[in-house]
Amino acid sequence: MKTILKIDISIKDICEGFVYNELEGKGLFGLSGKLTIQPEYQRNYIYASDGGKKEVAVIESLLKNYPIGLIYFNKISENNLEVLDGQQRITSVGRFVTNKFAIKDENGMEQYFGGMAKDKKDKILETKLLIYECEGTESQIKEWFKTINIAGVPLVPQELLNAIYSGPFVTLGKEEFSNSQNANIQKWSAYIKGSANRQAFFERALDWASKGDIDNYMSIHRSDKNINELKKYFNSVIDWISSVFTDVESEMCGLEWGRLYEQYHKKAYDPKKVSAGVRKLYGDPYIKNRKGIFEYVLGGSVDTKLLEVRVFDEAIKKSIYSTQTAKAEAKGESNCPFCVIGHDTNKSKIWKFSEMDADHVTAWSKGGATAAKNCQMLCITHNRAKGNR
Ligand SMILES: [Zn+2]
């Protein structure tokens with residue numbers, strides 16, 4: 001791969017003919033049309049998110065003469081360059097000089113580029129950037145892109161995979177799943193965490209359809225001219241969730257829906273009963289893990305481990321231990337009520353606190369409370385035996 005360091009390209013040159021696409025949230029072209037700012041393997045523009053702190057920081061750095069770092073171009077031909085790294089910074093600058101956002105001046109007043117004093121404008125426009133122009137094969141460039149992007153705002157794994165497997169499939173996938181204008185995103189957001197422009201939905205769709213092997217799936221489908229299979233699978237998971245669980249709860253967001261779909265979608269559910277069951281569990285103060293409610297219900301309300309039902313606290317355990325032990329000593333029998341009725345040598349054994357565990361006299365699943373009046377201490381062996389029944 002050939003690289004040349006350019007030190008004579010100014011911000012004014014870069015911003016010549018700058019086009020920003022509001023709809024797609026992308027900086028598109030610059031350098032009088034010679035530069036493609038966002039080739040298809042690049043990620044969406046993210047510096048404007050989080051209140052725009054990052055794009056403002058780029059402009060403030062320029063005004064303070066701080067370096068904004070190396071920029072890499074990929075030279076396709078004499079009149080055709082692509083931004084390999086620096087897209088976010090270039091888009092920030094381009095957006096600023098086209099008055100898309102303001103910075104704060106010394107007095108805390110909003111200041112757009114158009115309203116700035118000439119010396120400040122010139123300072124920005126005349127700043128020279130450090131640019132490496134690289135020429136190489138597609139695989140060399142991609143390998144290298146992977147390396148340089150470890151610095152800066154780190155690429156999320158899906159952005160990296162999009163770069164590695166760039167092609168028609170990724171382009172179509174991003175159009176569907178990474179487009180914040182897609183009206184379905186609100187619905188998807190109930191079940192999937194993250195944002196479209198950081199590839200959260202594309203990643204989830206691929207993860208579900210590939211049963212967790214995104215890399216391999218993308219490699220197989222790389223040259224596909226459609227994403228029908230991916231969309232179909234993704235939509236069946238989403239439709240299944242929303243038909244089984246008619247109420248949307250915040251704890252549903254980010255669950256392993258792909259796995260749950262595979263495991264349970266062939267079972268029939270009555271959405272009314274499911275909804276009533278979920279509501280009852282939501283009202284139960286002893287359930288610590290509300291995220292577990294959905295899988296618990298799907299599995300037939302059996303596996304209470306999923307709910308992490310609250311356990312007795314130390315104070316309750318110690319107080320029950322001492323009353324139970326005092327009574328047992330007075331009668332000359334074991335302080336484990338199950339040992340007392342047994343036939344072994346432990347009939348009169350006084351267990352230490354550390355040798356016992358708290359037990360719900362009436363199980364939680366049968367309505368028993370996690371309160372002192374429903375607590376008894378059992379020796380560890382008997383507590384385990386009861387728990388396994
Ligand atoms: Zn016992």
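This is a predicted model: local features need pLDDT of at least 70, side-chain atom pairs count only at pLDDT 80 or more; totals for chains, interfaces and linings use all residues.
**Helices α11 and α12.** Helix α11 (residues 228-244) packs with helix α12 (residues 257-264) at an angle of about 75°, and their axes are 10 Å apart. I noted the pair as roughly perpendicular, because angles of 65 to 115 degrees count that way. Next I looked up who touches whom: V237, W240 and I241 come from α11, and they meet W257, G258 and Y261 of α12. Sorted by class, this contact has five nonpolar residues, one polar and no charged ones.

**The sheet.** I then followed the strands across. Seven of them make an open sheet with mixed pairing, in the order β1-β9-β5-β6-β4-β3-β2. The edges are β1 (2-6) and β2 (19-21), each pairing on one side only. Helix α3 (residues 87-97) packs on this sheet and touches β2, β3 (26-30), β5 (71-77) and β6. Its direction makes about 80° with that of β3. Inside the sheet, I checked β4 (residues 35-36) against β6 (residues 80-85): they pair in the parallel sense over two bridges. For T36, I found E82 as the bridge partner in β6.

**Positive phi.** Most residues other than glycine have a negative phi, so I went looking for exceptions. Q199 has a positive phi of about 70° without being a glycine. I found Q199 in the loop between α8 (185-189) and α9 (200-209). Is Q199 buried or exposed? Q199 is buried, as 26 other C-beta atoms lie within 10 Å.

My other entry is E308, also not a glycine, with a positive phi near 45°. E308 lies in the loop between α14 (293-298) and α15 (314-331). I put E308 down as partly exposed because it has 14 C-beta neighbours inside 10 Å.

Definitions and conventions. Residues are numbered from 1 along each chain as its sequence is written. Axes are lines fitted to C-alpha atoms, for helices over the stretch in contact, and angles run from 0 to 180 degrees between N-to-C directions. Helices (H or I, at least four residues) and strands (E, at least two) are DSSP runs, numbered from the N terminus. Angles under 35 degrees count as roughly parallel, over 145 as roughly antiparallel, 65 to 115 as roughly perpendicular and the rest as oblique. Two residues are in contact if their C-beta atoms, placed from the backbone, lie within 7 Å. Ala, Val, Leu, Ile, Met, Phe, Trp, Tyr, Cys and Pro count as nonpolar, Asp, Glu, Lys and Arg as charged, and the others, Gly among them, as polar. Two strands pair if DSSP finds at least two bridges between them. A residue is buried if 20 or more other C-beta atoms lie within 10 Å of its own, exposed if 12 or fewer, and partly exposed in between; C-beta atoms are placed from the backbone.
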